[in-house]
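Here is a short report on a structure.

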Amino acid sequence: MKRKILFVGAGAIGRGYLPLLFSPQMYDFVFVDSNPRIIERMRDTGSYTTFRVRKDQYEEKTIPVAAAFTPDQFRLSEHTDAAACFFSVGPRNVSRAAAMIKGLKIPLILSENEPNTVDMAKSVVGHEQVYFAVPDVITSNTAPQKFLDKDPLAIVTEDGVMFIEEGPNLTGDFKFLTRDQLLGMQWTPKLYLHNTPHCIAAYLGALVGVTYVHEAMSIPKVDAIVVGAMMEMLKSLKMKWEIPHDFLEWYAEKELARFRCKLLFDPVARVAREPMRKLGLHGRLIGAAQICLALGIIPQNILAGITGALLFEDQNDPDHHLAFLRRVMSKDSFNTYILGLRTGEPLDLLLCEQIDMIIERLQSLSKEVA
Amino acid sequence: MNIQWQDETRLALRAAIEGGRIAMKSDAPLDVQVKESARDVVTSIDMEIEQSAIAILVESGYPVIGEETFSGKQFALDDRQLCWVVDAIDGTANFVNGLEYFAVSIGLCQGLNFLVGTVCLPRLQQIYCTLGADRALLNGRPLCHEHRTPSESLVAGSFSGSVGNPKQRAKQYTLFGQINDQTRGCLRLGSASTNICFTAAGRLQAAYGMNAKLWDVAGALAIAIAAGCDVQVTPSDAPFSVNYIVGSRSVVAMIRELCVAQGLMEESCQTR
């Protein structure tokens, strides 16, 4: 008998990547998303198309949809037989999404880019079967126009690797790791060798006005900053963590190739969204710069990325108020209250001293490209 | 994104942050003066912050009322008049004693409509503010109060203890005890705006206060409303003062019921 999997969040990862890991002969796929247009389309057609990049070519896949709901339509009592539930809703929405499945005692797997979302979800759902996962993949939330013309839900994804904290009883194309292995060998490199330079590429891409990450990387000065940031983190990771150096070097090369890949159509707006979250104290930008500084490395290129995040302006972004706060607050109070830095610590001093100069440099880069 | 009250929020942020900076720079021994009771104290830092805030906020053209310079005659609550309400340091006793629960609080009100709020807790490195009617931020990150039940709730109260009014005093302590018994506990942190901001952020599930001066709570109430808290406010007998309950729906309802039963609040208080 087929088992059911719930995918809460039918965006890039939830729609474009996770279902590819499971056999439709073994599992029924049920989707929940707050976007009614996605849900209606899934219901109307009973399936959608997604494209996986393999060996520099697109591979077309049809994903059958057993059922699809908006959160308002979702009835918990109808899904007590599900084998597992995957969340890919964004770290800020985990708590709300967890409340929706409170009482459902099935494995909950979070691929949310922030390990602390696991504890947050546990406290809401009231059980311990909550697991962290690291999808080592870039999945766009869109596709080239020719694919969208065929199916507006089409998405392009890489042929990635999914790592899940061991525990859930599931069969699919992924690897189970212990929590220590997952955090040490997968999460740390992903955070600093993928997330850090990836979002820097996106912020610089936004500044120069391109749509996709690969377009940003095709600009030599942007590429140089992203590679520079990668090297700063690579050096830091080699010094700080006991992760084999050849693995880290392979990982860094793999990531740069991904960012430059012309088949992925990875939107700048998707990768750059929610800059406040990406500027979190222990995260991919501020946290990365802090690690470098603690090891005696001046993170000049990561500083350019931080500045790019501060300059990011998208009227539709939930963090659009960041630009307002930057305008109304002095540099030192912004560093203290918004970035969470201690007055006089190295990163605070560096930012106060250099940010105007970096802004000028990035703005001239933007003009040059224009 | 269209930010309502953009100019006012800008001024309120400047005033609160500057107030926080003044509070943090004061490493000299404080000049503490007792006002109406041993618990009611003021320092030269309060005065300095208030002057600084007034100097910034007058740019808006609205009148500014500050705790330390309020004479009682200069202004009455008026539904048609916008006015700034400033508490230079809410929780001066904590400030004097080196505790971190004190705040610089700036609110823009129109009668009992709380429109703009900024509260700075400098020692905790926290700044709360509103961005229009339905957005509240803590250190730039959006706040959304998660409503919980009384048994899941931690509450904080603010009340004077009414030294000169034994009946009122007994009622307030009874209420405090009842809330303490029916929840995970009732705290008295010594700063009403801190209580309310912690509630907006979901660290506490409710905050309440009796006869709170408007400057203690105006900024924080605007933040709580924008964060989605249930907020009940009613003018109290004392001038320029309110009774308030804010927080999770069912916890606010429970406290309100207890207040009404104690005769501390009328049934017809405003809900926002």
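## Burial and overall fold

Of the 370 residues of chain A, 48% count as buried. A residue is buried if 20 or more other C-beta atoms lie within 10 Å of its own, exposed if 12 or fewer, and partly exposed in between, with C-beta atoms placed from the backbone. This is a predicted model: local features need pLDDT of at least 70, side-chain atom pairs count only at pLDDT 80 or more, and totals for chains, interfaces and linings use all residues. Residues are numbered from 1 along each chain as its sequence is written, while chains are lettered from A and ligands numbered from 1 in the order in which they are written.

Chain A holds 16 helices and 11 strands. These are DSSP runs numbered from the N terminus (helices: H or I, at least four residues; strands: E, at least two). The radius of gyration of chain A is 21 Å, close to the 21 Å of the globule rule for 370 residues, so chain A is as compact as a globular protein of that length. The radius is taken over C-alpha atoms, and the rule is 2.2 Å times the number of residues to the power 0.38. The C-alpha trace of chain A spans about 65 × 45 × 45 Å along its principal axes.

## Strand E2 of chain A

Five of the six residues of strand E2 (residues 27-32) of chain A are buried, so E2(A) is largely enclosed by the rest of the structure. Strand E1 (residues 3-8) of chain A runs parallel to E2(A), joined by six bridges. Lys4(A) has Asp28(A) as its bridge partner in E2(A). E2(A) also runs parallel to strand E5 (residues 67-69) of chain A, with three bridges. There, Phe31(A) has Ala68(A) as its bridge partner.

## The sheet of chain B

In chain B, seven strands form an open sheet with mixed pairing, in the order E3-E4-E5-E6-E7-E8-E9. Two strands pair if DSSP finds at least two bridges between them. Strand E3 (64-66) and strand E9 (141-143) of chain B are the edges, each pairing on one side only.

Strand E4 (residues 82-90) and strand E5 (residues 103-110) of chain B are antiparallel over seven bridges. Leu82(B) has Gln110(B) as its bridge partner in E5(B).

## Where the chains touch

The contact takes 14 residues from chain A and 12 residues from chain B. Two residues are in contact if their C-beta atoms, placed from the backbone, lie within 7 Å. On the chain A side, helix H14 (321-328) and helix H15 (331-338) each supply at least two residues. H14(A) gives the largest share, five residues.
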